[in-house]
Amino acid sequence: MEECIINTPLGFTKITGDDDGVNSVTILNTEEKTTDIIPEILEDCVIQLKEYFEGSRKQFSLKLNPQGTDFQNKVWKQLEQIPYGKTISYLELSKQLGNAKAIRAVANANGKNPLWIIVPCHRVIGSDSRLTGYAGGLHRKQWLLNHESPFKQQSLF
């Protein structure tokens, strides 16, 4: 398993993967030393994340290999279908997966998503449009949603 640490606008990020694909992209809550030489197997992921943060990439095209249960993998696959700049509720996501009553299980799987940003769990919000739960912190979720919004906040000054 190869790994690297990069710095992003939201903090230090650890990426792991191997020949089977990217296993995880995780935001760290501590300051870390960035990797000097990115492993070849992770270079495309680093490039695509950089493009995302620069605003030139709206969709990722990476070989992914997250480790989870069958149910979690089903939820994570469905998350990939949420378009850039759009949000859905946990209830909507549960309905898309065929069981509106599974909302808690869906929310739990969403929270265990190991592929930060690439599998866009930040695009899932509460039914009342409130930001709810995000492993990276609600301030990061808000930043990501603002970053993807077609309506950029203008400064008065």
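Predicted model: local features only at pLDDT ≥ 70, side-chain atom pairs only at ≥ 80, totals over all residues.
Reader: Into which domains is the protein divided?

Author: There are two parts: domain 1 covers residues 2-54, and domain 2 covers residues 70-148.

Reader: How far apart do the C-alpha centres of these domains lie?

Author: The C-alpha centres of domain 1 and domain 2 are 21 Å apart. In terms of contact, 16 residues of domain 1 meet 13 residues of domain 2.

Reader: And what area do the two domains bury between them?

Author: About 1,200 Å² is buried between domain 1 and domain 2, with 69% of it on carbon and sulfur atoms. On the domain 1 side, Leu-10, Val-25 and Tyr-52 contribute 52% of the area buried against domain 2, more than any other three residues.

Reader: Turning to the record, what does UniProt place at residues 6-65?

Author: The unreviewed UniProt entry lists "domain: Methylguanine DNA methyltransferase ribonuclease-like" there. Across residues 6-65, the chain is 20% helix and 30% strand, and its end C-alpha atoms are separated by 20 Å.

Reader: How much space lies in the largest pocket?

Author: The largest pocket holds about 250 Å³ of space.

Reader: Which residues lie nearest its centre?

Author: Lys-58, Gln-59, Phe-60, Glu-80 and Ile-118 do, out of 15 residues that line the largest pocket. By class, that lining comprises 9 nonpolar, 3 polar and 3 charged residues.

Terms used
Residues numbered from 1 in each chain as written. Heavy atoms only, no water. 1 Å grid on protein atoms, 1.4 Å probe; cavity = no way out; pocket = protein on both sides within 12 Å on 5 of 7 lines; lining within 4 Å. Points joined across faces, edges and corners; volume = space filled by probe spheres on them. Nonpolar A, V, L, I, M, F, W, Y, C, P; charged D, E, K, R; others polar. UniProt positions renumbered as here; feature names shortened; annotations may be inferred. Helix = DSSP H or I, 4+ residues; strand = E, 2+ residues; numbered from the N terminus. Domains from an automatic or database assignment. Contact = heavy atoms within 4.5 Å. Buried area = accessible area lost by both parts, 1.4 Å probe.
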